[in-house]
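Okay, thanks for making time, everyone. Let me put this one up on the screen and walk you through it.

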Amino acid sequence: MSAIDTPRGTMAADPSKFWGEAKDAAALEADPTVRALRAEHGAAVLGVEDFRGDLSVTIRPDDLLLVAQTLKIHPELRYDILADIAGLDNLLLDRTPRFHVVYHFYSTTRKKRVRVHVPLDDAKPAVDSLTPLYKSANWAEREAYDLFGFDFVNHPDLRRILTHEEFVGHPLRKDYPPDRRHMLSRSYSAYPGLEAEHEGRHTLVGADGIERVYVNLGPSHPATHGTLRIQALLDGEIIVDSRTEIGYLHRCFEKMAETHTYTQVFPFTDRLNYISAFNNNVGFAMAVEKLMQVEVPPRAVWIRTLLMEFNRIMDHMICIGTNLVDMGALTNFWYFFNPRERIYELLESTCGARLTVSYGRVGGVAQDIPDGFAEHARRVANEMPEFIDYVDKLATRNVIFQQRTRGTGVVNRENAISWGWSGPNGRASGLDMDFRRDAPYGGYESLEFDVPMRTDGDTFSRYMVRMLEMRESLRIIHQMLDRGVPEGPHITSDHRVALPEKNRVYGNIEALMNHFKLIMHGFSPPVGEVYSYTETPTGELGFYLVSDGSGKPYRLKVRAPSFYTFAANDEMLRGQMVSDFVAILGTLNIIAGELDR
Amino acid sequence: MAPETPLGAPAAGSTASDPRREGWLTTQLDHYVNWGRKNALWPMPFGTACCAIEFMSVVSSHYDLSRFGAEVVRFSPRQSDLMIVAGTVVDKMGPILKQIWDQMPDPKWCIAMGVCASSGGFYRAYHVMQGIDEIVPVDIYVPGCPPTPEGLIHGIIKLQEMIARGETRSQIAMKSRSLEEQGHAEEVARRAVRTLEEGRARAMADAGRGRPA
């Protein structure tokens, strides 16, 4: 267990304050969110905190639904997106009560965030479900139920989501051993009782009493690109009902993060969205940097941003390439896989790995870029437009392609917000949100780029947004290359987190000890919690990091964009042709590693 | 007591593939059948995670797996004879992997691509299978996280060598079944053990030389 091997940080003396550090009380009370909540639900607010610029409010559990309603509809607040729900087990924090549910809200109009802590009763951890207000609460609450055993009252379908039905216990509780497995004896269906009835038949009686064709797709199916599973009931070729089952790649990221030091978590983050692994590295590094207030040198920022944009191109290429394969256009796949190899070579030249790079570090990147990197990058960037043009010519105006993609899988703006969509999928539905522009990091504020938008919300819009984004990414890359690589170190000189230079390690005992401590024990951030988010190719990737002051994260919750995108799947598919299902799924860019974590 | 026929009289110091051990026709027939099998592998990618992306690189234009006679990727287990498990298999996926493996016709081979499929990798975790050999027999383990495309190609070449020698688990099992039907159970057991031992010795020798044979 993480908190035992290294000395724990000091906790706040005042039990109403969780993380010890508070902004000036008067300034905090003047915040519109705090003011509105105090005015509307004075008795419900148990505490207000501000740590590293994150506003956090503690709410009495009985009032959660009303508070959430205020947060959503109050004209001065308008927190219209429920970004994430995280469970938190305080067992090793000496804090009561034991369980918290932590809600992250985001306002698309005010571009502000608030975190709501809800302490739960020890004997019976239960709280009202937020599904009546936010559709994104559906899967998020199921996940908290699965991993922590919280009961969400009035949830429409509260059952396990990531682990399997024969699993015993709730693995993210602190008293659950990280490696205790439960074998699954048989494959099961999301339609209860289907196996027995289904013997030798391919039809099923739906809720309305009509017998329909039952089709199971996945989890090992060529069009599901990974481990997604959809079971559908068809009326002719129309999908009338479907159940999406996930968890076929649940690799216990969050539990693994709790049992490894901060630096050791980097390889695990690679394997979330493994198509653009470096973006996850940076996302996690930024969360730790925010917590520890580490400054990243300009050269490292430049390297990060440049590689993140290359990764974005690569991610979109795979998404579009495989999506078109599923629609029968194999050529585009070859066209997009060739330039992707060029980007792999670029990544390989920095760190030796092609796919899972583990190149990010807290405070910078693992090692400096090789000589001639900028020229190499420019060569690669110059090769890209040719391939994008090929696909553009082959697909964009292709009549067959348009007929299959226009008007299918439509998600309107309102639903996209309610489902917590973000990234290219959200922008295709008219949700004008891009954190590179709205909450700039990594030097994006000084770069010129457009955020492509579409409002139709159909498969074609999502394809178009990605095609245009690749060109914007190239624009960013060229601007950065024109400015040149900033001089200086590739990692911070803050030796709380960064290894000392090799010649000093060999030269004096302090540096040697520093090196030894960092390698053997890692570093220990201060006690506290932060939420840090970046714009990855799939959407808003957030890391909610809770530190108890030890060398390992106490809790690391990933806000995975694919998870919230895919939650809308069943609703999207209703009324669609089964043949369009493949095209719709491909265009959502669901990455199983990130979906299931 | 080994029967004299139809296996032929074993010469002193001969090996399983020694033509003197068996009738000329059976040996040569096996030789050509295995030659055909090894050069016409039909892979079924059981891709779950990161390794599946590298598998895509292996089959697409740059690395082009078709140069090695394993081109025809089929997603139906019934049409393929080589299952490449690319990626982490979690406990929830286990029964599905087993079901797909059982649907493949004999002879069939299995490559565990990457450390997750081989041993669970660095996921020593509550929901991750610690190697797919918990549920299906594996012929080749390809290390790496993910393996480089060259690594997987090397694994496939190794498998082809094993197929040519008739050393894979599936081939041994098939041979055993056919001999058992003819009533040579004792010889079957001896042969299986001997073939596996020879394979292991060869692998150890390869490893000792520190380079592929």
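So, which residues have the most contacts inside the largest nonpolar core? They are Phe105(A), Val85(B), Ile111(B) and Met113(B), and that core has 209 residues. By core I mean a set of buried Ala, Val, Leu, Ile, Met, Phe, Trp, Tyr and Cys residues joined through C-beta atoms within 7 Å. Buried means 20 or more other C-beta atoms within 10 Å of a residue's own, exposed means 12 or fewer, partly exposed is in between, and the C-beta atoms are placed from the backbone. The largest share of this core, 15 residues, comes from α10(A). Helices (H or I, at least four residues) and strands (E, at least two) are DSSP runs, numbered from the N terminus.

Quick housekeeping. This is a predicted model: local features need pLDDT of at least 70, side-chain atom pairs count only at pLDDT 80 or more, and totals for chains, interfaces and linings use all residues. Residues are numbered from 1 along each chain as its sequence is written, while chains are lettered from A and ligands numbered from 1 in the order in which they are written.

Now chain A as a whole. We've got 23 helices and 16 strands, and of its 597 residues 52% count as buried. The C-alpha atoms fill a box of roughly 75 × 60 × 50 Å along the principal axes.

Next, helix α11(A), residues 330-351. Its 22 residues reach 32 Å from first C-alpha to last, close to the 32 Å expected at 1.5 Å a residue; that expectation is 1.5 Å times one less than the number of residues. Its buried residues include Phe333(A), Phe336(A), Arg340(A) and Leu347(A). What do they pack against? α10 (298-326) and α12 (373-396) of chain A, together with α2 of chain B. Just after the helix, Gly352(A) takes a positive phi of about 90 degrees.

That brings us to the interface: 31 residues of chain B are in contact with 37 of chain A, contact being C-beta atoms, placed from the backbone, within 7 Å. On the chain B side, α2 (50-59) and α3 (94-103) each supply at least two residues.

Last stop, strand β14(A), residues 528-536, where nine of nine residues are buried. Nine bridges join β14(A) to β15(A), residues 539-547, running antiparallel; strands pair if DSSP finds at least two bridges between them. The two form a hairpin with two residues between them, and Glu535(A) stands opposite Glu540(A).

Definitions and conventions
Two residues are in contact if their C-beta atoms, placed from the backbone, lie within 7 Å.
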